[in-house]
Amino acid sequence: MQQLPRVCIIGAGFVQLIVAQFVGSDVRTVGASGGVFGLLLAFALAFPNRTVVLLIPPIPMKAKYFVLLYGLLTLFLGVSGGAPSVAHFAHLGGFAAGYGYLRWRKHKYLGQWKPMETPKSQISK
């Protein structure tokens, strides 16, 4: 599991380079956000029904829906050109690399993860 962030960052970089060549951009990209996106995906695959809460606005939702919506928003912004100073396709590359790595290593990692129960003391009534 220690390799996941590295794999996601490298995958994000490759996808961003490919997209930049495709659209004719020579802008350099620096960052590790592709690795963060890969870790988000890993969390959603490991704990799909855990509730996460956005900070702004404070909306509770299941991790699987949060990651799906975030990925779709990133895809939309990348295709539409919204927020042009953000490497949206690098984020999607982190998702893709993380998913590929986790599927490749499924027997070692995903099979061992068990969804955690929310302690009854934390459940709101």
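His91 is found in helix H4; helices (H or I, at least four residues) and strands (E, at least two) are DSSP runs, numbered from the N terminus. The model is predicted, so local features need pLDDT of at least 70 and side-chain atom pairs count only at pLDDT 80 or more, whereas totals for chains, interfaces and linings use all residues. Residues are numbered from 1 along each chain as its sequence is written, and side-chain values use heavy atoms, with hydrogens and water left out.

His91 counts as buried because its relative accessibility is 11%; buried means under 20% relative accessible area, exposed over 50%, and partly exposed in between (1.4 Å probe, protein chains only). Not counting residues up to four places away in sequence, His91 touches Ser33, Gly34, Phe37, Thr74 and Val86, where contact means heavy atoms within 4.5 Å.

The protein as a whole has 4 helices and 2 strands, and from the N terminus on its elements run α-α-β-β-α-α. Of its 125 residues, 29% are buried. Among contacts between residues at least 6 apart in sequence, 59% join residues at least 24 apart. The accessible surface comes to about 8800 Å², and 66% of that surface belongs to carbon and sulfur atoms; such areas come from the Shrake-Rupley method with a 1.4 Å probe, and for residues only the protein chains shown count as cover.

Helix H2 contains 14 residues and reaches 20 Å from its first C-alpha to its last, close to the 20 Å expected at 1.5 Å a residue; the expected span of a helix is 1.5 Å times one less than its number of residues. The buried residues of H2 are Gly34, Gly35, Phe37, Gly38, Leu41, Ala42, Ala44 and Ala46, and what covers them includes H1, H3 and H4. Ala46 has a relative accessible area of 6% and is therefore buried. The C-alpha atoms of Ala46 and Ala63 are separated by 9.5 Å, with the two residues 17 apart along the chain.

Leu40 also lies in helix H2, but at 22% relative accessibility Leu40 counts as partly exposed. Apart from its neighbours within four places in sequence, Leu40 is in contact with Phe66, Val67 and Tyr70. The C-alpha atoms of Leu40 and Gly98 are separated by 9.1 Å, although these residues are 58 apart along the chain.

In soluble globular proteins, nonpolar side chains tend to be buried together. Here the largest nonpolar core has 9 residues: Phe37, Leu41, Ala44, Met61, Ala63, Phe66, Val67, Leu92 and Phe95. Helix H2 (33-46), H3 and helix H4 (88-104) each supply at least two residues of this core. A nonpolar core is a set of buried Ala, Val, Leu, Ile, Met, Phe, Trp, Tyr and Cys residues joined through side-chain atoms within 4.5 Å. A second, separate core of 5 residues includes Leu4, Ala42, Tyr101 and Leu102. Within the largest core, Val67 is in contact with Leu40, Leu41, Ala44 and Phe95, leaving aside neighbours within four places in sequence.

Helix H1 (residues 4-23) holds Gln16, which is buried because its relative accessible area is 15%. The residues that Gln16 touches, not counting those up to four places away in sequence, are Thr29, Ala87, Phe89 and Ala90.

Most residues other than glycine have a negative phi, and most peptide bonds are trans. The bond that joins Ile56 and Pro57 is cis, with omega at about -10°. Pro57 is placed in the loop between strand S1 (51-53) and strand S2 (60-62).

At the surface, Leu68, Leu69, Leu72, Leu75 and Val79 form a nonpolar patch with about 480 Å² of accessible area together. Patches are made of residues with over 30% relative accessible area and no salt bridge, with like charges joined within 9 Å and nonpolar side chains (Val, Leu, Ile, Met, Phe, Trp, Tyr) within 5 Å; a salt bridge is a side-chain nitrogen of Lys or Arg within 4 Å of a carboxyl oxygen of Asp or Glu. Leu72, one of the patch residues, lies in helix H3 (residues 63-80). Its relative accessibility is 47%, so Leu72 counts as partly exposed.
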